[in-house]
Amino acid sequence: SPGTEWASAITSLATAPGKFVVILAAVALAYWLGGWKAAAVAAGAIALEQAGAEATKLIARRPRPSRELIAVVGNPAGFSFPSTFTTFVAVTFGTVWLLARQSRRNAAPIIASVTAMIIVLGWAARVALGAHWPSDVVLTTLVCMTWLWATVRVVAPRG
């Protein structure tokens with residue numbers, strides 16, 4: 001990847017204090033898009049992700065990309081799957097994306113487009129930094145979005 005400053009900037013969204021801004025924005029947008037049930041889904045999903053995402057790596061125990069194979073920025077530690085950065089992005093921006101897709105608000109298509117772009121940029125950032133394989137970020141998002149989709153359908157269906 002030509003330069004990684006952009007990737008480091010995107011990755012910083014999941015570290016304090018930036019992550020708290022993202023969390024508040026996600027819950028506020030969820031409320032605006034779907035009311036208190038949608039906000040509850042967002043808050044609950046974020047709380048679950050913050051409490052348990054790192055522990056799920058112990059299930060797969062997949063090693064991170066090797067410095068012998070690719071350029072790795074920094075010193076990423078632990079296992080690579082599921083990507084905890086990607087769980088954060090999928091749960092915050094993914095929940096808003098799902099809610100925007102079912103919202104009748106005029107700005108919903110724009111919100112859905114922006115959140116989808118952020119998710120894809122998040123994938124690219126983690127791969128560009130050498131912290132994850134492409135399959136780590138795509139599969140992590142698929143797993144997160146599947147349970148989020150089911151939760152949104154049950155708890156905060158289209159009004």
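A: A helix is here a DSSP run of H or I with at least four residues, and helices are numbered from the N terminus. The model is a predicted one.

Begin with the length of helix 5. After helix 5 comes G130, which has a positive phi, near 75°. As background, most residues other than glycine have a negative phi.

Next, consider which residues of helix 5 are hidden. A residue counts as buried when its relative accessible area is under 20%. In helix 5 the buried residues are A108, I111, A112, T115, I119, G122, A125, R126 and A128. An α-helix has 3.6 residues a turn, so residues three or four places apart point the same way. The cover over the buried residues of helix 5 includes helix 1 (5-11), helix 2, helix 4 (84-102) and helix 6.

Take I119 as one case. I119 belongs to helix 5 and counts as buried because its relative accessibility is 7%. Apart from neighbours within four places in sequence, I119 is in contact with V89, F93, G94 and T141. The C-alpha atoms of I119 and T84 are separated by 13 Å, and the two residues lie 35 residues apart along the chain.

Now turn to the packing of helix 4 with helix 5. Their axes come within 8 Å and cross at roughly 160°. That angle makes helix 4 roughly antiparallel to helix 5, since angles over 145 degrees are counted that way. The crossing in which helix 4 passes helix 5 is left-handed. On the helix 4 side, the contact is made by F85, T86, V89, F93, G94, V96, W97, A100 and R101. On the helix 5 side, the contact residues are A108, I111, A112, T115, A116, I118, I119, G122, W123 and R126. Sorted by class, this contact of helix 4 with helix 5 has 13 nonpolar, 4 polar and 2 charged residues.

T86 leads from this contact to the next helix. T86 is found in helix 4, and its relative accessible area of 2% means that T86 is buried. Not counting residues up to four places away in sequence, T86 touches W123, V137, T140 and T141.

Helix 4 also packs against helix 6 (residues 134-155). For helix 4 and helix 6 the angle is about 45°, and the axes are 9 Å apart. Helix 4 and helix 6 are therefore oblique to each other, and their crossing is right-handed. From helix 4, the residues T86, T87, A90, V91, G94, T95, W97, L98, L99 and Q102 take part. They meet V137, T140, T141, C144, M145, W147, L148, W149 and V152 in helix 6. The residues of the contact of helix 4 with helix 6 comprise 12 nonpolar, 7 polar and no charged.

Helix 6 in turn packs with helix 2 (residues 18-52) at an angle of about 150°, with the axes 10 Å apart. Helix 2 is thus roughly antiparallel to helix 6. Helix 2 passes helix 6 in a right-handed crossing. K37, V41, A45 and L48 of helix 2 meet W147, L148, T151, V152 and V155 of helix 6. The contact of helix 2 with helix 6 divides into 7 nonpolar, 1 polar and 1 charged residues.

Last, look at the loop between helix 1 and helix 2, where P17 has its place. The peptide bond from A16 to P17 is cis, with omega near 5°. For background, most peptide bonds are trans. T15 lies in the loop between helix 1 and helix 2 as well. T15 is partly exposed, because its relative accessible area is 42%. The C-alpha atoms of T15 and F85 are separated by 9.0 Å, with the two residues 70 residues apart along the chain.

How values were computed
Residues numbered from 1 in each chain as written. Predicted model: local features only at pLDDT ≥ 70, side-chain atom pairs only at ≥ 80, totals over all residues. Heavy atoms only, no water. Axes fitted to C-alpha atoms, helices over the stretch in contact; angles between N-to-C directions. Helix = DSSP H or I, 4+ residues; strand = E, 2+ residues; numbered from the N terminus. Parallel < 35°, antiparallel > 145°, perpendicular 65-115°, else oblique. Left-handed = near helix turned anticlockwise from the far one by under 90°. Contact = heavy atoms within 4.5 Å. Nonpolar A, V, L, I, M, F, W, Y, C, P; charged D, E, K, R; others polar. Buried < 20%, exposed > 50% of the residue type's maximum accessible area, 1.4 Å probe, protein only.
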